[in-house]
Amino acid sequence: MEKIKFVSDYQINSSKKIIYPYLSTASGLSQWFADDVVINEDKVYNFIYDGEDHHARAVIMRTNHHVKFEFFDPEEEEEDSDAEHTFIEFKLDENELTQTIYLRVIEYSDAFDEQEQQSIWEGLIASLKEIIGG
């Protein structure tokens, strides 16, 4: 299946220090992004939603700024370095003039209808905003 890159920005009325743990920790992510998130001893994240496991590695963790999770199949013995891995990326940006915080979501995954992706992310971000009060 063809992969597409979905990018969208969302204004969040909160500070980066408050938002970041919800983007980077298992407990934070399990409150709004997945049904549950578990990290094993090898620092592999297991995102559980719709009863399915989705394994990922945190490939970027820049405190209060940027998180990127790259998904992989744990059943595959050798990682194919040339393969295009599915990923999800969260970037926190601040408008210097207005001091407004924006959350940029970048998702590279199997092709879905772009409007459906937009709708899914709007629902997820609404849940996040409700939790953090932003």
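Mentor: In this predicted model, strands S4 and S5 form a hairpin with 3 residues between them. Strands are DSSP runs of E, at least two residues long, and helices are runs of H or I, at least four residues long, both numbered from the N terminus. Asn-64 in the turn has a positive phi of about 65°. Local features need pLDDT of at least 70, side-chain atom pairs count only at pLDDT 80 or more, and totals for chains, interfaces and linings use all residues. Residues are numbered from 1 along each chain as its sequence is written, and side-chain values use heavy atoms, without hydrogens and water.

Trainee: How many bridges join S4 to S5?

Mentor: Two strands pair if DSSP finds at least two bridges between them. Here 7 bridges join S4 (residues 52-62) to S5, and the two run antiparallel. Met-61 has Val-67 in S5 as its bridge partner.

Trainee: Which residue in S6 is the bridge partner of Val-67?

Mentor: That partner is Phe-90. S5 and S6 (residues 87-94) are antiparallel over 5 bridges, and Glu-70 stands opposite Phe-87 in S6.

Trainee: Is S5 largely enclosed or open?

Mentor: Buried means under 20% relative accessible area, exposed over 50%, and partly exposed in between (1.4 Å probe, protein chains only). In S5 (residues 66-72), 6 of the 7 residues are buried, so the rest of the structure largely encloses this strand.

Trainee: What is the order of the strands in the sheet?

Mentor: The open sheet of 7 strands is ordered S1-S7-S6-S5-S4-S3-S2, with antiparallel pairing. S1 (3-12) and S2 (36-39) stand at the edges with a single partner strand each, so one side of each has no neighbour in the sheet.
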